[in-house]
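Please open the model in a viewer and keep the sequence panel at hand.

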Amino acid sequence: MKKLVLWPLWAVLAAVMIFIVTLPISLQAQLVGSVTILGGMMLMKQFRPDGAWRLVALAFGTALVLRYVYWRTTDTIPPINQIENFIPGFLLYLAEMYSVMMLALSLFVVSNPLPPRPAHNMKALKRLPTVDVFIPTYNEDAELLSSTIAAAQAMNYPKDLVKIWLLDDGGTEQKRNSDQILQAASAQKRHEELQQLCADFGINYITRSRNEHAKAGNMNNALEHSEGELVAVFDADHAPARDFLEKTVGYFEEDERLFLVQTPHFFLNPDPIENNLGTFEKMPSENEMFYGIIQRGLDKWNGSFFCGSAAVLRREALRETGGFQGVSITEDCETAVALHSKGWNSVYVDQPLIAGLQPATFASFIGQRSRWAQGMMQILLLRRPVFSRGLSVPQRLCYASSTLFWLFPFSRLIFLLAPLCYLFFDLQIFTASGSEFVVYTLAYMVANLIMQNYLYGSFRWPWISELYEYMQSVHLLPAVVSVALKPRKPSFKVTAKDESVSQDRLSELSWPFLLIFGVLLLGVLVTGYRLYAEPWKADVTLVVGAWNILNLVIAGCALGVVSERGQRRVFTHRVKVSRRCEFRLGENWYPGTVEDVSDQGARVRVVGATAYDAIAGMEAALAFEPHTEGLVGSLPVLVRGTSSDKDMVTLNCRFAPQEIVHRRLIADLIYANSEQWLEFQKARRRNPGVLMGTLSFLVMAIRATIRGLGLFARSAIDDPAERGQLNDGKRA
Amino acid sequence: MMRRLVSFLLLSAAGGALLAAGPVSAQSAQPEAAGAGAPASAPVTLPLGLLPGAAAASQSETPRAVRHILPPGGARLSGEMAKRSWTVTLPEEGLEDAMLQIGYENAVMVAPESSTLRVSVNGTEIGTAAIRSSSGITDLALSVPNGVLVPGRNSISMQASQRHRTDCTPNSTYELWTELDPRRTVLTTAGPAGQPVSTLHDIAAIGPNSRGETSVAVLAPELSDPAVAETLIALAQKLAILTRAAHLSFEVVTDADEMPDQAALTLTVGTHERLKQMGVAAPSGTTIHPGIVGSSQEGVPHLHVSAPSLKALRAVLDDWTWPTAENGPQEQTTWPATNAPLLGSGESIDFAGLGIPTERFSGRRYSQEFSIAVPPDFYAQHYGEATIKLDAALSREVQPGSRIDVYVNDRIASTVPILDSGGGVLRQLPIRVSLREMRPGPNLLRLEAVMISEADAVCAPGTTASETPRFAIYDTSRIVMPDYAQIAQRPDLAAFVAAGQPYEATTADAPMPLVLGLQSGETIAAAMNVMGRMAASAREVRPVSVVTPTAELDTQSALFVSPAANLSPTVRDHVRLAPPQDTGWAVEKTIRLALGRDRANELDEWRESLETSPIRRQFQELSDTLNENFDLSLAALRLVPGEAELFYPDEEDTLVVVQAASPGGTGTWTVVTAPSPEALRDGSADLAQRANWQEVSGRLSVYSASAGSITNLPPMAVDLVPTQPLSLSNTRLIVTNWMSGNALAYSLALALACVLLGGVTLALLSQLGRRP
């Protein structure tokens with residue numbers, strides 16, 4: 001009923017807004033308007049950043065953006081008879097309008113995201129459904145898999161209702177009978193090894209004859225051989241917490257038409273950008289913007305989609321569409337599109353319930369993103385969710401937002417090259433005076449920054465999106481173009497997540513970034529020369545030069561990203577646990593507390609022992625009360641270092657599992673408490689604000705530039721052949 | 001004087017069209033030479049023996065008729081290129097053997113060998129002369145071929161092309177000027193002076209005197225009667241339209257003995273009887289006399305309007321057919337009384353239509369003036385931008401750093417830098433011209449191309465004389481007006497002077513109420529001056545009815561012409577004029593400082609003391625910065641317009657014109673006042689000069705005769721009065737202009753819309769999709 005009043009009212013107000021915004025107002029009035037509106041946004045952000053005022057502030061920003069769009073459209077495009085200016089000018093205009101459109105879609109999606117859902121109590125359920133747990137694998141090793149399997153087994157759910165399946169696509173008949181004898185032998189070995197592993201754990205091993213339709217085909221094969229009401233999917237490197245099922249299955253009883261409960265992907269290790277810039281512990285991860293805000297926003301519109309892992313799906317729903325979809329290489333989102341269009345619902349639970357690993361090298365990171373970009377482009381082109389009849393209008397907009405996002409390489413590269421058109425070739429692709437630029441464009445940019453900060457503030461710091469987009473654009477552009485040309489061509493490539501970097505080195509994908517940096521730097525020199533030699537157009541030169549310098553800052557930061565930081569092993573975050581334990585040193589057991597754990601080891605504080613009792617490299621054991629019923633035993637560890645104070649000794653230990661039971665003990669230790677992960681995320685979720693965020697980005701960028709240039713200089717001095725070998729070795 | 005004229009004759013006989021400067025010794029005698037000493041009427045009779053036209057042997061020995069050409073103050077041709085045109089109205093006969101005499105003086109810096117003055121009459125070039133008179137006024141005499149002059153309106157143009165002697169910088173071109181002396185720039189014709197004046201066409205040909213004035217002396221013994229006043233005002237308007245004089249002034253007396261003797265035209269109005277008593281020949285009895293046209297013994301034309309009774313007088317003019325505009329019907333597309341094309345919303349005109357030819361230019365500062373007019377309800381000063389689409393070419397010589405400037409009413413409105421080196425062709429190059437300085441009626445625009453070149457930087461001797469073109473402009477260039485808002489503003493003196501707005505709707509049935517504070521000759525003359533100029537601007541006679549102020553006027557538009565002392569206090573307070581005793585207009589000078597001025601001084605002192613405080617200074621700096629970079633004044637940020645402050649005229653102020661909405665809010669009151677009746681008459685005559693009149697704008701305008709200055713005060717609050725049916729697009733543009741002028745209101749409207757939209761969006765979002 002209320003809607004009947006609100007819709008017309010909204011329409012009238014929107015019309016009034018459009019009317020005001022499209023008045024061809026004078027520059028002076030625009031200046032006053034811009035300052036007032038920006039001032040209002042800043043004030044509101046200081047005092048009332050939530051609720052209705054948040055929407056008002058967003059409306060303020062929208063007004064300025066619309067003003068800019070109106071002015072940009074009516075006043076700044078070069079005349080069509082200057083074709084050399086018009087073409088690049090129009091491309092820039094399109095790129096800007098694309099950005100504005102994406103901003104509008106994000107506004108729609110996340111203007112009022114659902115707050116995190118209240119926790120579910122499994123005990124309140126009338127009947128617990130049967131669950132099949134799928135762990136699809138392709139090339140992951142047994143050690144990684146055993147840790148995931150152990151965690152899955154430790155999930156708190158009646159044992160008779162859960163069946164765990166290892167879906168091995170690396171040991172298919174096709175692989176085992178390959179004509180290449182070496183590959184066939186290794187597939188055969190893997191097949192046998194994993195069968196044994198499953199037998200040891202007491203879970204089901206399943207493989208198939210041919211590797212058709214990649215991951216989707218693999219899971220569809222498993223669907224045929226299983227019959228649980230629900231299907232939980234975990235990637236081989238995504239280990240679930242104990243409460244994963246507890247917190248997800250309940251939703252299926254609430255809603256009979258529910259096909260998906262998706263949970264966030266939480267990573268214990270930094271992505272290469274975080275790693276190389278050293279921001280992992282301080283700044284929210286890149287994917288937190290997606291899982292922290294966007295999925296919640298999508299959830300409001302019943303549009304949260306399947307992300308391939310860490311989710312529970314309803315078999316009945318999957319049956320309706322013939323299982324997982326395999327047209328694109330992102331089967332997850334595609335499956336969600338198919339089921340949403342059949343009228344099925346999805347739910348997003350905003351709490352990390354799995355912990356995983358993500359690509360550690362820049363090359364594998366780019367490989368992963370290429371797959372996403374290509375897959376989403378395929379969905380855009382082949383599935384056309386925007387025009388899909390089964391989807392509601394909000395859902396179409398949600399999918400438009402998710403798929404069109406991946407066109408960013410075009411706009412990002414246009415923004416990068418646009419100032420160079422003027423600096424190098426003297427093209428006038430944006431017809432505006434210096435003061436117009438300040439009053440309209442600067443106001444628009446500031447409004448945009450503040451709006452982004454309103455929308456994603458504590459999940460995404462200023463300029464980080466720009467950096468990530470730039471980092472990806474260089475390599476994603478060809479990938480996206482190739483999909484646009486041949487939408488059915490791309491094939492699924494498994495992302496390698498267990499690679500590591502042993503010493504500081506340049507990524508094999510680094511050269512374009514150095515090249516771009518060099519060109520932009522040349523642009524700065526040209527700016528200086530032009531200011532000196534052509535003082536009569538200093539205002540335009542200054543504006544364009546400033547834009548180029550902004551690009552240079554981002555490009556400089558990128559140099560730091562492609563200079564990979566060496567690590568002994570995959571760096572993972574340590575989770576605080578505080579769990580009572582007994583610790584064996586030699587023959588004696590001492591009482592102690594497990595302070596924190598990573599996937600590799602733990603830190604234990606022991607009472608009673610002295611530093612002399614513990615020697616690095618010494619074998620020891622850790623015993624604690626497992627949460628998992630029926631699990632007994634102690635966990636062998638290696639002491640790696642000690643420190644002591646007064647009557648406590650702190651021991652850094654590395655796990656040394658020998659049996660399955662040890663794996664399960666580790667899993668019990670690490671994945672016992674998903675709350676800890678949330679705590680960790682929350683500690684990073686801090687909104688520095690636009691100004692401080694910009695400053696800290698600047699500082700980080702300068703450091704990264706210096707580090708990157710240093711590494712480039714060193715690698716140029718080093719024997720190039722040796723470097724080539726190193727890289728080749730990595731690729732192999 | 002003899003020597004001077006002898007040399008004049010010799011030179012013109014020997015050298016054809018050209019005349020060089022006379023001997024230096026003769027220069028001092030020159031001011032009296034060409035007619036300044038003659039009676040201030042035209043035509044003037046020159047003594048036979050001194051006839052300058054003797055160059056033509058065939059010339060008869062009758063006295064030649066001399067017409068002054070220039071408006072008051074003469075004319076100045078400045079810069080490297082300048083062109084001026086004037087109109088002379090000539091009678092039907094006696095146009096043969098015409099001579100154009102030009103008295104001019106130029107700046108020392110003008111290089112004579114490369115500077116020329118080209119003179120043309122009605123488009124026919126009649127001569128070119130080198131500009132070489134830097135040490136005093138030189139007279140040129142050019143004969144006008146027979147057949148070039150026509151009865152009625154004739155156009156005389158002078159085009160100067162001037163180059164600097166030594167300097168090649170664009171700035172140096174501002175040192176170049178040639179001044180034309182109004183006393184010695186005349187057109188003489190064979191037509192005998194003092195020939196019988198018989199038709200109104202002959203009256204149209206009365207020209208200005210040597211000071212550029214066309215003065216009319218009026219004898220109206222019964223002027224205290226409103227009918228006489230109304231008749232006089234109607235006559236003033238008709239004469240103004242007929243003569244198109246640049247400076248038409250009236251003097252009204254009640255007694256024949258008081259008639260001034262140096263008028264260009266005399267006028268008698270009244271009853272037969274009364275005029276007869278005055279010794280004016282007039283019919284008697286019951287005949288209604290439509291008017292006698294004749295001339296006095298001195299050749300001064302005379303117009304006579306009389307009737308048996310005052311009541312019948314009104315009917316006289318109605319029955320009398322006056323010649324309408326000459327040279328065919330007035331084109332609808334140009335502004336009345338000018339050549340300025342009227343450009344409506346979204347209209348455009350090419351340069352050919354503006355009279356700008358395709359031409360090449362070899363100097364460093366090309367300058368071209370043209371006029372365009374906009375209607376009185378033009379309302380786009382705050383946001384509007386016209387576009388000049390320029391077709392031009394630059395030679396290889398022209399370097400970056402050169403620029404094209406556009407001025408509107410002498411204020412810079414656009415600067416486009418030329419960024420490409422090595423010349424090139426500019427095809428429809430858009431130049432956006434701010435309409436900030438645009439005002440209702442005709443506007444003077446100037447397009448300048450300032451060119452920098454290597455050769456100028458070196459400035460070798462003779463560089464300035466080079467005739468290699470650097471710049472070419474094509475008459476295919478266009479000026480395009482934007483879609484602009486149209487609504488009348490109140491008060492708006494600019495619309496008043498341009499078109500007599502908002503009095504345009506007056507008809508004979510509903511004449512415009514005119515309140516004369518005093519039924520004196522001076523006051524009526526002032527009303528005639530103002531109404532005459534108004535009619536000339538609008539080319540339309542507006543019937544008036546002389547009334548006494550009543551409550552009815554509160555809802556009507558009315559004109560008040562009155563000495564300050566006779567202005568009714570209610571009217572004076574309403575238009576926010578201080579009582580005269582508190583101002584510089586007080587009769588007792590000692591009293592005037594008591595109130596207003598002192599308070600104003602006190603305020604100034606306060607302001608000064610505040611200005612020294614650091615906060616104030618910073619505020620001022622901010623204000624200056626905004627003003628400099630964005631042309632934004634802090635006054636534009638006012639949300640609620642303040643009330644107009646009382647205006648305290650100064651002792652030096654001769655005349656004040658002030659406008660306000662009538663107390664009822666539906667009409668407009670315009671008040672013309674001065675400290676004394678004489679100041680009112682003379683001040684209004686001065687202000688009603690075409691050049692001065694066009695400068696009046698805002699809410700209040702002050703003319704100071706001693707300083708020759710006009711000061712305008714902008715309105716505090718403006719009422720908008722619709723002039724056409726409301727349409728969405730016009731409303732949108734009206735809102736745009738209003739918001740552009742009230743930036744803070746714009747911001748607040750935007751913010752309010754955002755707040756409401758944000759709130760409703762939240763309410764709507766909480767109804768849509770999933771809810772927490």
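**The whole chain**

Select chain A and colour by secondary structure: there are 24 helices and 18 strands, taken as DSSP runs numbered from the N terminus (helices H or I, at least four residues; strands E, at least two). This is a predicted model, in which local features need pLDDT of at least 70, side-chain atom pairs count only at pLDDT 80 or more, and totals for chains, interfaces and linings use all residues. Residues are numbered from 1 along each chain as its sequence is written, while chains are lettered from A and ligands numbered from 1 in the order in which they are written.

Next, display the C-alpha trace, which spans about 85 × 70 × 60 Å along its principal axes. Of the 732 residues, 51% are buried (20 or more other C-beta atoms within 10 Å of the residue's own, with C-beta atoms placed from the backbone).

**A helix pair**

Now select residues 331-341 (H13) and 362-383 (H14) of chain A, whose axes come within 9 Å and cross at roughly 30° (lines fitted to C-alpha atoms over the stretch in contact; angles run from 0 to 180 degrees between N-to-C directions). H13(A) and H14(A) are therefore roughly parallel (under 35 degrees). Show A:Cys333, A:Glu334 and A:Val337 of H13(A) with A:Met376, A:Ile379 and A:Arg383 of H14(A), which make the contact (C-beta atoms within 7 Å).

Methods
Buried ≥ 20, exposed ≤ 12 C-beta atoms within 10 Å, placed from the backbone. Parallel < 35°, antiparallel > 145°, perpendicular 65-115°, else oblique. Contact = placed C-beta atoms within 7 Å.
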